[in-house]
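Thanks for coming, everyone. Please have the model up on your screens.

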Amino acid sequence: MSQQVAPVALRDIQRPVAAPLERVADELRRIIAADFPIIADVNEHLLRMKGKLFRPTLLLLSHQAAGGEDAPPLRAVTLAAVVELIHLATLVHDDSVDHSALRRGMPTINALFSHQVAVIMGDYLYSRAIIELVGLEDLEPLRVFARVTNEMTVGEMRQLEAHDKLAYDEAQYDALIRAKTASLLSGACEVGALRAARGRRETLGRFGMSLGMAFQITDDLLDYTQPQAVTGKPSGLDLKEHKVTLPLIAALGRMPAADRRLVEQLMASPDPPDELVADVIRAVDVAEGLEYARRRAQEFAEQAEAELETLPSTPARDALRDSIAYAVERHS
């Protein structure tokens, strides 16, 4: 991957699609509007935690990079809102499964309302996304997002079925993040290019998949390396929740017996103390688990960049290239 002089800002990546992105929030509000009081309250909270609109950005940039109009029509804006809606639904479901209290530094639906409300709201958001896709009278986006949501659901089941945490290997981890994270980024890019030539649609789908893999590995690294002020969640939260991600997987085989016993102690503890979490993080670092994960993220980033080489040079393609740097440099 090409060297970056300075970290890439998301606002710079979004510049070619700034105008339609401003309309995405309005579309989200329109799609999830409800006159039932608790749904309206939850929706307002969701709109505040909608994040940086990274997935809608990818969809709109892919639309332009594949040869679409510089000013995407309302259909593209609606699809961009739908992909963010699916992402929000996934976050709500994840938080309800994990009983998480914080997301992006804000209280989750799970914490503010109840576990039952979180589960129902996740289902509600998915159903609103489907209704909106059906209303477009074009089955192709519906087919893509139906495939993606199925993959994401299977990914969640993979995670729940991981009984022996310390036997979890890299192939299983790759399959998990491919399903839970990368599939939606891939689907966003593919849907953005649906009206382009088949080859460009497939290229952008592969680009999104590799980008998503790099993005999630970097996200898992942040849990080991960055404070809550950066990530919006407590440092070491994945370990506290007994989640086995690539840094730990890579380190386990290289750890001395004493450090491996620390990991076993952490996994056996219902609520691991902060000191134990910090000891495990240090052990993972010493065993080069963090460095291995960085290399893997970089490999996927290079695969994503290679896919873009077949597209014509445009501001949108350049912005997609910058999105790769953004995905792997969020620790900067």
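Start with Asp318. It sits in helix α17, which covers residues 315–328. Keep in mind that this is a predicted model. Now look for Pro16. Along the chain, Asp318 and Pro16 are 302 residues apart.

Next, Lys52. You'll find Lys52 in the loop between α3 (37–48) and α4 (54–65). Lys52 counts as exposed, because its relative accessibility is 58% and the cut-off for exposed is over 50%. What does Lys52 touch, leaving out residues up to four places away in sequence? Three residues are listed: Leu10, Gln14 and Tyr326. There is also Arg11. From Lys52 to Arg11 is 41 residues in sequence, and 9.1 Å from C-alpha to C-alpha.

On to charges. Side chains of opposite charge can pair when their charged atoms come close. How many salt bridges does the model have? The count comes to 27.

Pair one is Arg30 with Glu132. Their side chains form a salt bridge, at 2.6 Å from N to O. This pair links distant parts of the chain. Arg30 belongs to helix α2, residues 18–32. Glu132 belongs to helix α7, residues 115–135. Which side of the pair is buried? Look at the relative accessible areas. Arg30 has 43%, so Arg30 is partly exposed. Glu132 has 12%, so Glu132 is buried.

Pair two is Arg195 with Asp138. Here the salt bridge is 4.0 Å, N to O. Both partners are in loops. Arg195 lies between α9 (170–192) and α10 (198–225), and Asp138 lies between α7 and α8 (139–160), so the pair ties together parts that are 57 residues apart in sequence. Arg195 counts as exposed, because its relative accessibility is 66%. Asp138 is at 23%, so Asp138 counts as partly exposed.

Pair three is Arg296 with Glu299. Their closest N and O atoms are 2.5 Å apart. Both residues lie in helix α16, residues 289–308. They are 3 residues apart, about one turn of the helix. Arg296 is at 15% relative accessibility, so Arg296 counts as buried. Glu299 has a relative accessible area of 36%, so Glu299 is partly exposed.

Now the network. Salt bridges that share partners join Glu140, Arg143, Arg147, Glu151, Glu190 and Arg201 together.

Last stop: back to α17, this time with α10. How do the axes of α10 and α17 cross? They come within 8 Å and cross at roughly 20°. Angles under 35 degrees count as roughly parallel, so α10 and α17 are roughly parallel to each other. Their crossing is left-handed.

Which residues meet there? From α10, take Leu204, Phe207, Leu211, Ala214, Phe215 and Thr218. From α17, take Leu320, Ser323, Ile324, Ala327 and Val328. Sort the residues of this contact by type. You get 9 nonpolar, 2 polar and no charged.

Notes. Residues numbered from 1 in each chain as written. Predicted model: local features only at pLDDT ≥ 70, side-chain atom pairs only at ≥ 80, totals over all residues. Heavy atoms only, no water. Helix = DSSP H or I, 4+ residues; strand = E, 2+ residues; numbered from the N terminus. Buried < 20%, exposed > 50% of the residue type's maximum accessible area, 1.4 Å probe, protein only. Contact = heavy atoms within 4.5 Å. Axes fitted to C-alpha atoms, helices over the stretch in contact; angles between N-to-C directions. Parallel < 35°, antiparallel > 145°, perpendicular 65-115°, else oblique. Left-handed = near helix turned anticlockwise from the far one by under 90°. Nonpolar A, V, L, I, M, F, W, Y, C, P; charged D, E, K, R; others polar.
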